[in-house]
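Please keep the viewer open as you read.

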Amino acid sequence: MTRDAVYPTTSPITPNLRRDAFIIVAAYNEGPAIAEVIAELRRDYDNVVVVDDGSNDDTADRARLHATYVLSHAVNRGQGAALQTGIEFALERGARFVVTFDADGQHRVEDIAALLSPIAAGECDIALGSRFLGQSENMPSARRWALKLAVFFTRVVNRVRLTDAHNGLRAFSRRAAERINITLDRMAHASELIDQIRASGLPFQEVPVRIRYTEYSIRKGQSTRGAIRIVIHYLLGKVFQ
Amino acid sequence: MSLNLFQVLALIVLAALLVVTVVAAARGWASRREAAAWSALWLIAAIVVLWPGFLQAVARALGIGRGADLLLYCTVVVMMVGFLMVYVRLRRLRREMTLLVRHLAMRDAFVNPDRSRQA
């Protein structure tokens, strides 16, 4: 395969993208939703990597039905750790693009191509999904304010101007993925990731994506109290790294 | 010199601790350096129990009113440093655990059999 295969920006999913993009799904106790999410991803992409993060339910078994690869953490290590495992595995398998995708079905598979197209076109190395550039269905207002606060936090602490700092849908070129090393195991990895993106010096873009807030994804999401814990965890991580 | 009941009990406990420390070092459960540090602590405690005036004198030299206050301040500082050390060590342990778990997950990756039919 030549290094400069052509990725036209117009057609959503070229055969090259289908083969070269590895979709990483970190899943912890997502048994009820995972099979459907993975099946949908597999229709468009050949390489779907599920990292089962020590789930207590049948997440791994259900993931095996459709996923290309299933990696299992023997004990729960948190979403940041699971994503890093998936990224390293994808790079080892020759991924040219790495995409992170939430397991609870809140993202739309169509949005992946929108994230990949500027990277494939060489416009940037990192594309971050933003629900505030796009539309979101049924976003609870408490969630909206917590996320806005997170954006403000990102502007002050990470010194990056983003419209949505904590969206699980992200795409990386291979060289960007190689520079990412998530060390904060739990949810604070989202802020750590932004630090690393900024430090990498690689160009990034925000791309509008649509989030589906279903009863399931809201229940599985962060509580406000959880968000406060994340902030503390992230700041401690900055001090004691 | 006559000892009061507290002094007798405290000295018995300290002597027992010293014996445990020496035995631990002899059997290789603790390093010599660790054993020496703990032994020194027990000996200092014994001195303070036998001659309370010693602690009082040190406290006064530092401008602290009572020996008991000096003891309290020292305890707080030692415990805080202890907590910090445990916290840092715990973080490192978690980090190492993650790397181990990742290594195993990647080594034992499940590859879907229908993967071969594609491409």
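The lining of the largest cavity consists of six nonpolar, two polar and two charged residues; here Ala, Val, Leu, Ile, Met, Phe, Trp, Tyr, Cys and Pro count as nonpolar, Asp, Glu, Lys and Arg as charged, and the others, Gly among them, as polar. The model is predicted, so local features need pLDDT of at least 70 and side-chain atom pairs pLDDT 80 or more, while totals for chains, interfaces and linings use all residues. Residues are numbered from 1 along each chain as its sequence is written, chains are lettered from A and ligands numbered from 1 in the order in which they are written, and side-chain values use heavy atoms, with hydrogens and water left out.

A search of the whole structure finds one cavity of 30 Å³ or more, and the volume of the largest cavity is about 60 Å³. On a 1 Å grid over the protein atoms alone, a cavity is a set of points where a 1.4 Å probe fits but cannot get out, a pocket is an open set with protein on both sides within 12 Å along at least five of seven lines, and lining residues have an atom within 4 Å of a point. Grid points are joined across faces, edges and corners, and a volume is the space filled by probe spheres set on the points. Among the residues lining the cavity are Asp164(A), Arg170(A) and Leu193(A). H8(A) supplies the largest share of this lining, four residues; helices (H or I, at least four residues) and strands (E, at least two) are DSSP runs, numbered from the N terminus.

How do H4(A) and H4(B) pack? Their axes lie 10 Å apart at an angle of about 45°, where axes are lines fitted to C-alpha atoms, for helices over the stretch in contact, and angles run from 0 to 180 degrees between N-to-C directions. The two helices are therefore oblique to each other (angles under 35 degrees count as roughly parallel, over 145 as roughly antiparallel, 65 to 115 as roughly perpendicular and the rest as oblique). Within chain A, the axes of H2(A) and H3(A) come within 8 Å and cross at roughly 20°, which makes H2(A) roughly parallel to H3(A).
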